[in-house]
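Dear colleague,

Please find below the structure that I am handing over to you. My notes on what was found in it follow directly after.

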Amino acid sequence: MILYQNRKPKVILDPGHGGHDPGAIGIDGLKEKDVVLNVCELLKVKLEEVGFEVKLTRTKDVYIKLDGRTILAQGHDALLSVHCNAFGSDKAQGIETIHGYGLDGSKALATHVQKSMMKKFPENKDRGVKASPSPGYPRNLHMVRRAPCPSALAELEFITHPEWGKKLSEASYKESCVVALYEGIYEYFIEIGSQEITNPTEQYEAYKALGYYDEEKGICKLKEDLWK
Ligand SMILES: [Zn+2]
């Protein structure tokens, strides 16, 4: 059984989208919101088996505002948001994991998740670990920018790709995603051991102290010097 600071590590999984927001629509009308909920439900069971305490930001097909999701993450040691990628061209493909700026935990978590995904899916294109936002990745993703604990966002594959988009509807492919994400999270906790950086309260305060938050607007500021 895995322990973190002599207790069960608390992980929150965030299946992207939901309800009126289907996320990306892929091959044969497959909806991102359904794929990621399915993956997160299975991942929860797998993590609980080895001693994690796991919560989901949504357990059904409902829409929850992004702010609501990051608030739910308070008090957790790590957050993993799960998505499928999409693009107008059906040629786009590959697996990538995104992290925000802040304390070290987020990058380490994203790195372990990406490494584990690529180990499980060696034939897929490795799009790497990306910081949001950065020159190569201009999207400013709320779930990694405003999470109160170390966080990463996994893009499982392109739901719009003819081959991988089809695979994302298959139980065996999703199960492989679950195993890979599980191993990535597990390895992350092994690496950080019982380091204090993942104490959620301290982490949240540290983010604020670094000036990442505009207290008045309640949003995360963009710090261009962090792009370097
Ligand atoms: Zn998405």
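**The sheet and the helices packed on it**

Strand 1 and strand 3 are paired in the parallel sense, over five bridges. Here two strands count as paired if DSSP finds at least two bridges between them. Helices (H or I, at least four residues) and strands (E, at least two) are DSSP runs, numbered from the N terminus. Within this pair, the bridge partner of valine 11 in strand 3 is alanine 78.

Please note that this is a predicted model: local features need pLDDT of at least 70, side-chain atom pairs count only at pLDDT 80 or more, and totals for chains, interfaces and linings use all residues. Residues are numbered from 1 along each chain as its sequence is written.

The protein chain contains seven helices and eight strands. Six strands form an open sheet with mixed pairing, in the order 2-1-3-6-4-5. Strand 2 (53-56) and strand 5 (126-131) stand at the edges with a single partner strand each, so one side of each has no neighbour in the sheet. From one strand to the next, the twist averages 20°. For this and the angles below, axes are lines fitted to C-alpha atoms, for helices over the stretch in contact, and angles run from 0 to 180 degrees between N-to-C directions.

Strand 3 (residues 78-85) and strand 6 (residues 151-158) run parallel and are joined by six bridges. In this pairing leucine 79 stands opposite serine 151, valine 82 stands opposite alanine 154, and asparagine 85 has phenylalanine 158 as its bridge partner. On strand 4 (residues 95-99), the pairing with strand 6 is antiparallel and spans four bridges; there isoleucine 98 stands opposite leucine 153 of strand 6.

How many residues of strand 3 are buried? Eight of the eight are, so strand 3 is largely enclosed by the rest of the structure. A residue is termed buried if 20 or more other C-beta atoms lie within 10 Å of its own, exposed if 12 or fewer, and partly exposed in between, with C-beta atoms placed from the backbone. Ala78, Leu80, Val82 and Cys84 are buried on one side of strand 3, and Leu79, Ser81, His83 and Asn85 on the other. Strand 6 is mostly covered, with eight of its eight residues buried. In the protein chain, buried residues make up 44% of the 228 residues.

**Helix packing**

Helix 1 and helix 6 pack with their axes 9 Å apart, at an angle of about 50°. The crossing of helix 1 over helix 6 is right-handed; a crossing is left-handed if the near helix is turned anticlockwise from the far one by less than a right angle, and right-handed if clockwise.

In this contact, residues of helix 1 including Val35, Val39 and Leu42 meet residues of helix 6, among them Val178, Leu181 and Ile185. Two residues are in contact if their C-beta atoms, placed from the backbone, lie within 7 Å. By class, the contact of helix 1 with helix 6 has ten nonpolar, one polar and three charged residues. Ala, Val, Leu, Ile, Met, Phe, Trp, Tyr, Cys and Pro count as nonpolar, Asp, Glu, Lys and Arg as charged, and the others, Gly among them, as polar.

Helix 3 (residues 105-120) packs with helix 6 at an angle of about 140°, with their axes 8 Å apart. The two are therefore oblique to each other, and helix 3 passes helix 6 in a right-handed crossing. By class, the contact of helix 3 with helix 6 has nine nonpolar, five polar and five charged residues.

Glycine 128 is found in strand 5. Glycine 128 is partly exposed, with 16 other C-beta atoms within 10 Å. Not counting residues up to four places away in sequence, glycine 128 touches Glu96 and Gln114. Glycine 128 and methionine 118 are ten residues apart in sequence and 9.2 Å apart in space, C-alpha to C-alpha.

With kind regards

Terms used:
Parallel < 35°, antiparallel > 145°, perpendicular 65-115°, else oblique.
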